[in-house]
Amino acid sequence: QLQLVESGGGLVQPGGSLRLSCAASGFALDLDLYTIGWFRQAPGKEREGVSCISSIGGSTKYADSVKGRFTISRDNAKSTVILQMNNLKPEDTAVYYCAARRGGQRECVLPVYEYGSWGQGTQVTVSS
């Protein structure tokens, strides 16, 4: 079973930036075989899709709430997926998870149920 590890969370003031990373635990993740998604879950709310990047071609998708502020990318040399988060808002506060969907896909999707392998999450808190 593929296990993922997130890093880069923390406390930041509104308007600040954070960079989250997602990698496989114990081996180099072949990003040509997995579509990777970032999700978040705030207290008392359901887990929601934030962004994803497809295994074939690196096509990306973003939730409307983060468009223009977040950028997802792949670092194939490091076998990691990066979520760059700029102009953070208090409503971005949540536990952020990365997840993997095995297979070759030219387009990625954001429903939670499409992803089978998950990380433990990293806390992002946006507060003054």
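Here are some friendly notes on the model above, point by point.

1. A word on the ground rules. This is a predicted model, in which local features need pLDDT of at least 70 and side-chain atom pairs count only at pLDDT 80 or more, while totals for chains, interfaces and linings use all residues. Residues are numbered from 1 along each chain as its sequence is written, and side-chain values use heavy atoms, with hydrogens and water left out.

2. Let me begin with the aromatic rings. Rings of Phe, Tyr and Trp (its six-membered ring) pair if their centres lie within 6.5 Å; planes under 30 degrees apart are stacked, over 60 edge-to-face, and the rest tilted. The count by this rule is three aromatic pairs. F39 and Y115 form an edge-to-face pair, because their ring centres are 5.0 Å apart and their planes stand at 70°. F39 belongs to strand β4 (residues 34-41) and Y115 to the loop between β9 (94-102) and β10 (117-118), so this pair ties together parts 76 residues apart in sequence. Strands here are DSSP runs of E with at least two residues, numbered from the N terminus.

3. A charge sits over a ring if NZ of Lys or CZ of Arg is within 6 Å of the ring centre and within 35 degrees of the ring normal. The charged end of R47 sits over the ring of Y97, 3.7 Å from its centre. R47 also lies over the face of W118, at 4.9 Å from the ring centre.

4. Now to a sheet. Two strands pair if DSSP finds at least two bridges between them. β1 and β3 (residues 18-24) pair over four bridges in the antiparallel sense, and S7 has S21 in β3 as its bridge partner.

5. The nonpolar cores come next (sets of buried Ala, Val, Leu, Ile, Met, Phe, Trp, Tyr and Cys residues joined through side-chain atoms within 4.5 Å). The largest has 29 residues, of which I36, W38, L83, M85 and Y96 touch the most other members. β3, β4, β5 (48-53), β7, β8 (80-85), β9 and β11 (122-126) are the elements that give two or more residues to this core. A second, separate core of six residues includes C52, C108, L110 and Y115.

6. S117 is in strand β10 and is buried at 10% relative accessibility. S55 sits in the loop between β5 and β6 (60-62), and is buried too, with a relative accessible area of 2%. Leaving out residues up to four places away in sequence, the contacts of S55 include L31, Y34, R74 and G103.

Key: Buried means under 20% relative accessible area, exposed over 50%, partly exposed in between (1.4 Å probe, protein chains only). Contact means heavy atoms within 4.5 Å.
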